[in-house]
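Here are some notes for a colleague who is opening this entry for the first time. Please keep the sequence and the model in view while reading.

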Amino acid sequence: MKLLKLVPDNTNIGFVKLRHWAFGLTALLTVLAVGATFYKGLNLGVDFVGGLMIEAKFQQPPQMDKVRTVVDRLGVGDGSLQQFGDPRTVQIRLPLPEQGGAGAANAIVEKARRAMTAEFPGVAFSRYDTVSGKVSGELIQNGILAVMLAVVGIAIFSWFRYEWQFGVSTFVAIMHDVLMTLGFFAITQLEFDLNIVAAVLTIVGYSINDKMVIDDRIRENMRKYRKMDMKSLIDLSVNETLPRTVMTSVTVLLALGALLLLGGHVLRGFTAAMMLGIVVGTYSSVYVSSSLLITLGLTPQTSEKKASKGGGLAAQAERMGPRDGAQP
Amino acid sequence: MLNFSRWAVVGILLPLVVGILCAVPSFLPDSVVTQLPRSMQTRVNLGLDLSGGSHLLLEASTQDVAKQRLANMEEQVRTELRRGQPRIAIGDISSRDGKLSFMVREPSQVDAAVERIRPLTQGAGLTGQRDFNVEVVNSSTIVITPTNAGIDNAVKSAMQVATEVIRKRIDEMGTREPTIQQQGDNRIVVQVPGLQNPKALKDLLRQTAKLEFKLVDTTANPAEVAQGRAPVGSEVLPYPDNPSGVPMIAVKRQVMVSGEELADAQQGYDQRTNAPVVNIRFNGAGGRKFGQVTSQNVNRPFAMILDGRVLSAPNINEPILGGSAQISGNFTVETANQLAIALRSGNLPVDLTVVEERTVGPQLGADSIRAGLVASLVAVVAVAVFMFASYGRFGMYANLAVAINVLVILGVMGILGATLTLPGIAGFVLTIGTAVDANVLIYERIREERRRGRGVVQAIEHGYKEASRTIFEANVTHAIAGGIMLALGSGPVKGFAIVLLIGIATSVFTAVTFTRLLVSRWVRAKRPTEIVI
């Protein structure tokens, strides 16, 4: 039986040679992403800005103008409309009244329900969220805190586990992934809500997974080939792990693709974010974080110094090393 | 490495079988599951976004609690000094900046006043602090300041009572499996699956349901009452349904009987007008008190006051001795029933406001489950085909591991009583994708080792050993991200993190240990000299 091999055996691509181009391109894209985020801003959902969100499902695809007129006639402030998922579903966003709290929000939902039913018989509100300004502020804080903690926590882990260069390169690569995701949301203006924070954290988790595998191989090869220069060593490591990198990215993208197409409209933004994150994360593993190690001055000698200091997990990994080398 | 002792095989297979068995109830209909013994009802709960229902986040204002406490203190001080013996005359009572201050008219009584007030304060916390500080300023003014420990204590106990009251009220509504939890210092999360219109729920939660009976002050000048001024010892309260047209009424400050002395409250109908009313029954002490006051005040009106608003002010036609009474007001059957529930469950010690509300219709929930299932199935099939095409026999082993993994995750969630949310389904699909990553790592490593010229058995042994280390490391970092999501995330994010974390743990086991068992059995049975991988 002939098996599928996405990456042919003995592939040898000179990733390190390309690093200046890659760094340039990465820097440019990151600046663009950050610029887009600042310039266009994110389309923050009610989770983060507070307010009232109603998802209305109509019997027939409604004319948006007509829906807008009905919403405007409610007289509860500036509303915004958005087609959501299929043409029969419309998302209506309204500001929350300053005074009156829950009762007032309830009244608005009821008022909207009556007005909509009068104009479009059979319309149903399939969900609605009300988030007060206070809670949305906390959610934003928690979201930012969670992402920062994850990135820093993981960077510290790989710093203790390996050399500081690995920590820094991982940190840079993951920040790149996060910023690219933000840029994607700024450009597409897809709604950025609580679920997207989960998506960003998953991207962080996946991306780190990817980098760990390559970093681990670099470490292994540093012990195996003590004389090899760093550039060829990193090229070798990245190429050796390339089949796995590609395989895993493809399987995850396959799974997420199913979710994007069939998983329903509520999860669409979430899935889109993750798919983009997988692509970006894979790119940054191959082109950014490994090559960055050279720029940061990682040499086989730095690795040995740390190893001789020993201690904890690192020492255990070290004990495995020589024994492997001794085998034929 | 490829040899497993009999016990090791049992040790690997047993947890998987248990996990799969625990997943079974999640696929059975309700009627079957309820027949099972309690320990076997390991079912995954559906989150509100899948089952439909309402999520409410209620917040109590701590300022409100503090204010109310101060008002209570003022009342206690008045009663103690003016009614107790010997009487101490006080004046200039004011509660500003969260402090209560008043002047003792007779300077010689200042010390006696402080002596009498001290016992009104209580210990707060473990530091021996009191809940109020009492001090004398300018030789004749007494200032009572609530301490922080005292306020914290009050908020804490108020929240405990409030959570209980809410639980009672929601249980009375007869909804299924509500979740009511205190969150942080002053918040309560309420989740009611299947509830489509949370309006009734919110109305019910908003009622403080503080019921009081007070005598109407008939001596008050109607013109003054209309301007909000009441004679000494009385107060003006809003009375929206006042037949006289003025939406105010003056009542005596003294409480005849209060809602705390109720034994029961039921919605009923007025015998004459057939209007909805609430029938109440007092407990023994309350009934005696009510009988006494009504005997002394025949032919005078009394006011029924709910949450500071007068509902009605009927005349006492005859002494009411049986301990039962009827609350009339402008009720509908629904509002009367709500009031009855609220009265039965006791009054909320603090006002709660809804700061977050999410409602998902059952239709959308059902759609989401269906879409999620279809997506998961397609994802599994796509990944399985891809793995088979890439690794042949070994790919099938990985696929079997993934299938078992999915069931074991469901089983573990069932055991933990975890909730599956819509992002949780996404977590599932993602886990399917990443679970095979471990196998990919191993198999790629075996391919490499083969290319380097190692024999079949050695290549497999080496592949598993080398890759295991990498897999462990990569998953630790992945778990860090998951743990942070679980700790900091709210609602949907948490649901996602739970699936992700369980998936990380189980997938390492199924993808590494379980497939190694399968591979080793095959290798030992067939002793292949060449493998297709």
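Which residue forms a salt bridge with A:Asp216? The partner is B:Arg469, and the closest N and O atoms of the pair are 3.1 Å apart. Keep in mind that this is a predicted model.

1. **The salt bridge in context.** Over all chains, the count comes to 39 salt bridges. A:Asp216 sits in helix α7 of chain A and B:Arg469 in helix α14 of chain B, so this pair joins two chains. Between chain B and chain A, the count is ten salt bridges.

2. **The interface between the chains.** On the chain B side, 71 residues are in contact with 77 residues of chain A. Together the two chains bury about 6700 Å². Carbon and sulfur atoms give 62% of that area.

3. **Domains of chain A.** The assignment gives chain A a domain 1 made of 15-41 + 136-296. Domain 2 of chain A covers 51-131. Taken over C-alpha atoms, the centres of these domains are separated by 38 Å.

4. **Where the chain A domains meet.** Six residues of domain 1 of chain A are in contact with nine residues of domain 2 of chain A. The area buried between these two domains is about 530 Å², with 50% of it on carbon and sulfur atoms. On the domain 1 side, A:Glu191, A:His265 and A:Val266 lose the most area to domain 2 of chain A. Together these residues account for 77% of what that side buries.

5. **A salt bridge between the chain A domains.** How many salt bridges are counted between domain 1 of chain A and domain 2 of chain A? The count is one. A:Glu191, already named for the area it loses to domain 2 of chain A, also takes part in a salt bridge with A:Arg93. Their side chains meet at 3.5 Å, N to O.

6. **Domains of chain B.** Chain B is divided into domain 1 (6-51 + 361-526), domain 2 (55-59 + 154-356) and domain 3 (62-152). The centres of domain 1 of chain B and domain 2 of chain B, taken over C-alpha atoms, are 54 Å apart.

7. **The largest cavity.** The model holds five cavities of 30 Å³ or more. The largest cavity has a volume of about 150 Å³. It is lined by 15 residues, and the closest to its centre are A:Asn209, B:Thr434, B:Ala435, B:Asn475 and B:Ser507. In chain B, α13 (422-451), α14 (456-488) and α15 (492-526) each supply at least two residues of this lining. The largest share, six residues, comes from α13(B). What is the make-up of the lining of the largest cavity? It divides into seven nonpolar, seven polar and one charged.

8. **The second largest cavity.** About 120 Å³ of space lies in the second largest cavity. Its lining has 14 residues, and the closest to its centre are A:Val213, A:Arg217, A:Thr241, B:Leu441 and B:Arg445. Both chains supply helices here: α7 (194-224) and α8 (230-262) of chain A, with α13 and α14 of chain B, each give at least two lining residues. The lining of the second largest cavity divides into three nonpolar, two polar and nine charged residues.

How values were computed: Residues numbered from 1 in each chain as written. Chains lettered and ligands numbered in written order. Predicted model: local features only at pLDDT ≥ 70, side-chain atom pairs only at ≥ 80, totals over all residues. Heavy atoms only, no water. 1 Å grid on protein atoms, 1.4 Å probe; cavity = no way out; pocket = protein on both sides within 12 Å on 5 of 7 lines; lining within 4 Å. Points joined across faces, edges and corners; volume = space filled by probe spheres on them. Helix = DSSP H or I, 4+ residues; strand = E, 2+ residues; numbered from the N terminus. Nonpolar A, V, L, I, M, F, W, Y, C, P; charged D, E, K, R; others polar. Domains from an automatic or database assignment. Contact = heavy atoms within 4.5 Å. Buried area = accessible area lost by both parts, 1.4 Å probe. Salt bridge = Lys/Arg side-chain N within 4 Å of Asp/Glu carboxyl O.
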